[in-house]
Amino acid sequence: MIVDCPRFRRPRHETMIWLLLVTSLLLILFAAELFTNALEHLGQRLRISEGVTGSLFAAVGTAMPETMVPVLAVVAGTDNAEVNHAIGTGAIIGAPLMLATLAFFLMGMAALRQRGLHGPIAPEPSGVKRDLDFFLVAFILAGLGLLAPAGGTVGGLIRGSLAIVLVLLYLYYIVQTLRSSDALVQDGHGTSADGILYIGRIGLPDAMPVILLQLALGLGLLVGGAKGFINAVEGLSVLLAVPALILSLLIIPVATELPEKVNSILWIRRRKDTLAVGNLTGAMVFQGTLLPALGLLSTPWRARPSVVLAVMLTVVSAAWLRWHVRHGGVRIHHLLLNGLCYLTYLAGAAWLIKQGVA
């Protein structure tokens, strides 16, 4: 179904839609560098492990844009409730899909020249195993929620119960991650900053209030584009004659996941593998628990073909990574399959659109 959107019918609005999208992308790129730099200084100042810095601080911070998109879509989106639910569901499912497939592939390609096709991606293994284990359990539960009866007391009870379980899983994950920090720091996995604090270049001291100021500035720039993306996707669904659900599964995650992608690319090039991988896997846990909980409670959460395909490919990609972490470690050529899973989704989505069943 193509959503009719009167605001974007006239051609003169086309340029503004694309301008909004491009401006938001550039804003995210700038904010990601600002945020990454501040986060390294914060982790070093607090003397915490790279696992905590990557899997909790960086993951949650850079997940704010994709978190705000479904929240704003459901709570204060467009005037069309069906569009809001489509954008919300697509952003919730599309974010983990993008991280487990395209983000890991791009991170591997960023290290290809330095390490070669068979070079290792070598983060601290216990944290990656924990992240992927929590994610797989949570996302499979969220996927099963798609099978709950639509409407009615039974369906509402099942979805509500699953939402509670997902929230509790994330809280338990936080506890487990923090517990591991001290031992990892003693083993040489403490967070360290490579360069000076960016806003320190204008004369501000490298002190905790200044670090928090730069973090807040970076987060503010990241979150600021969320509302604009909702309206841009609404307009693009008309201009490109593509359902809002498909666009929100593809375009929103590509844009809002840029912080994770850029941060991880920056860290993998600096050979900070624990930060690079933890930034992605920690965001996957956040987005595989709290965001599906929001979807279960606030959207119809139906098993549309495009959504089911996205869930299946996300689980396959994450399980593939988990298997290699346990059996000899992840190497760059392993991440080719993650990229292939993303291409498979693109091809599948195109076919579903052609068949009119997306």
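Biologist: Which residues make the nonpolar surface patch?
Modeller: I164, V167, L168 and L171 make the patch, about 360 Å². Patch residues have over 30% relative accessible area and no salt bridge, with nonpolar side chains (Val, Leu, Ile, Met, Phe, Trp, Tyr) joined within 5 Å and like charges within 9 Å. A salt bridge puts a side-chain nitrogen of Lys or Arg within 4 Å of a carboxyl oxygen of Asp or Glu. Areas are Shrake-Rupley with a 1.4 Å probe, and for residues only the protein chains shown count as cover.

Biologist: What are the ground rules for the model?
Modeller: This is a predicted model, where local features need pLDDT of at least 70 and side-chain atom pairs 80 or more, while totals for chains, interfaces and linings use all residues. Numbering runs from 1 along each chain as its sequence is written, and side-chain values use heavy atoms, without hydrogens and water.

Biologist: Where is L171 found?
Modeller: In helix α6, residues 152–179. Helices (H or I, at least four residues) and strands (E, at least two) are DSSP runs numbered from the N terminus.

Biologist: New topic: how many aromatic pairs are there in the whole structure?
Modeller: Five. One of them, F134 with Y173, is edge-to-face, at 5.4 Å centre to centre and 65 degrees between the planes. Rings of Phe, Tyr and Trp (its six-membered ring) pair with centres within 6.5 Å; planes under 30 degrees apart are stacked, over 60 edge-to-face, the rest tilted.

Biologist: Are F134 and Y173 buried or exposed?
Modeller: Both are buried, meaning under 20% relative accessible area; exposed is over 50%, partly exposed in between (1.4 Å probe, protein chains only).
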